[in-house]
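Student: Could you walk me through this model? I'd like to start with the pocket and then move on to the charged pairs.

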Amino acid sequence: MATDHGARAGSSIDPVRMIEEARRAFFTVFGFLCAVWVLQVVNWLDDSRLFVDGGIRPHDVSALPNLLSAPFLHLNWAHLEGNSGPLFVFGFLAAYRGVKKFLGLTLLVALTSGAAVWCFADVRSVTAGASGVVFGYFGYVVLRGLFDRNLIDSLIGLVMFASFAYLLTTALPGTPGISWLGHLGGLLGGLAGAWIFRDRSTRRAAAATAVPAQTGGALPDSSRAALHKELDDLGL
């Protein structure tokens with residue numbers, strides 16, 4: 001968060017820090033996208049062998065590490081092209097408030113998306129692709145502003161939800177050729193991530209500024225005050 005923890009917690013934003021975070025977010029997500037495209041070149045040259053070897057195979061314990069590799073792999077160029085735009089847009093919106101949080105969020109949604117597929121998908125299937133992670137970023141962006149009590153992020157979340165709510169239909173059973181389980185798992189991970197990675201600094205700063213002026217900035221000792229009152233009542 002690019003917030004000024006001064007006398008008015010969360011009410012002012014340091015534009016220099018915000019621009020720096022946005023720059024980091026851009027290059028982080030751009031680098032992620034470049035890595036995905038490079039892997040697709042390798043996959044294409046190897047006749048999709050990389051997709052098969054690195055994809056999620058339900059109930060296969062030996063393939064559990066693939067939960068982390070699957071979001072980087074795609075079946076074909078059309079699959080990758082369909083994911084690239086949403087991956088960059090939602091990835092950037094998820095990352096511009098802090099790259100460290102973004103990396104933690106990415107790990108979380110990759111695991112929740114992959115786990116949903118690994119546990120419940122057809123054992124004969126192989127699943128990979130960044131769409132589960134995209135759904136995770138989407139859920140995170142929609143809810144983040146509410147948990148952070150940030151007006152700008154709340155408005156961004158509202159706009160994103162109004163613009164892309166139709167995507168939620170592919171997180172429900174019935175869409176052929178699409179891993180709705182991966183989408184649903186990623187979405188739930190993103191919603192949880194909005195709470196897990198919420199900004200706690202604004203709450204601490206707000207609590208600090210809420211100290212009554214007559215205490216000189218120090219919190220009163222309630223038990224000591226009660227003791228003094230009792231002594232006064234006794235005339236001591």
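This is a predicted model: local features need pLDDT of at least 70, side-chain atom pairs count only at pLDDT 80 or more; totals for chains, interfaces and linings use all residues.

Student: What volume does the largest pocket have, and which residues lie nearest its centre?

Tutor: Its volume is about 600 Å³, and of the 32 lining residues, His 79, Ala 128, Ser 131, Ser 179 and His 183 lie nearest the centre. Two or more lining residues come from each of α4 (77-95), α5 (99-120), α6 (131-148) and α8 (180-196). A pocket here is an open set of points on a 1 Å grid over the protein atoms alone, where a 1.4 Å probe fits, with protein on both sides within 12 Å along at least five of seven lines, and lining residues have an atom within 4 Å of a point.

Student: And how does that lining split by class?

Tutor: The lining of the largest pocket has 17 nonpolar and 15 polar residues, with no charged ones.

Student: Switching to salt bridges, how many are there?

Tutor: The count comes to 7, a salt bridge being a side-chain nitrogen of Lys or Arg within 4 Å of a carboxyl oxygen of Asp or Glu.

Student: Which partners does Asp 153 have?

Tutor: Asp 153 forms a salt bridge with Arg 97, the closest N and O atoms being 3.0 Å apart. That pair links distant parts of the chain, since Asp 153 is in helix α7 (residues 151-164) and Arg 97 is in the loop between α4 and α5, 56 residues apart. Asp 153 also forms a salt bridge with Arg 144, at 3.6 Å between the closest N and O atoms.

Student: Are Asp 153 and Arg 144 buried or exposed?

Tutor: Asp 153 is buried at 0% relative accessible area, and Arg 144 is buried at 1%, where buried means under 20%, exposed over 50% and partly exposed in between (1.4 Å probe, protein chains only).

Student: What about Arg 49 and Asp 53?

Tutor: Their side chains meet in a salt bridge (3.3 Å, N to O), and the two residues are 4 apart in helix α2 (residues 49-54), separated by about one helical turn. Arg 49 is partly exposed at 42%, and Asp 53 is partly exposed at 42%.

Key. Residues are numbered from 1 along each chain as its sequence is written. Side-chain values use heavy atoms; hydrogens and water are left out. Grid points are joined across faces, edges and corners, and a volume is the space filled by probe spheres set on the points. Ala, Val, Leu, Ile, Met, Phe, Trp, Tyr, Cys and Pro count as nonpolar, Asp, Glu, Lys and Arg as charged, and the others, Gly among them, as polar.
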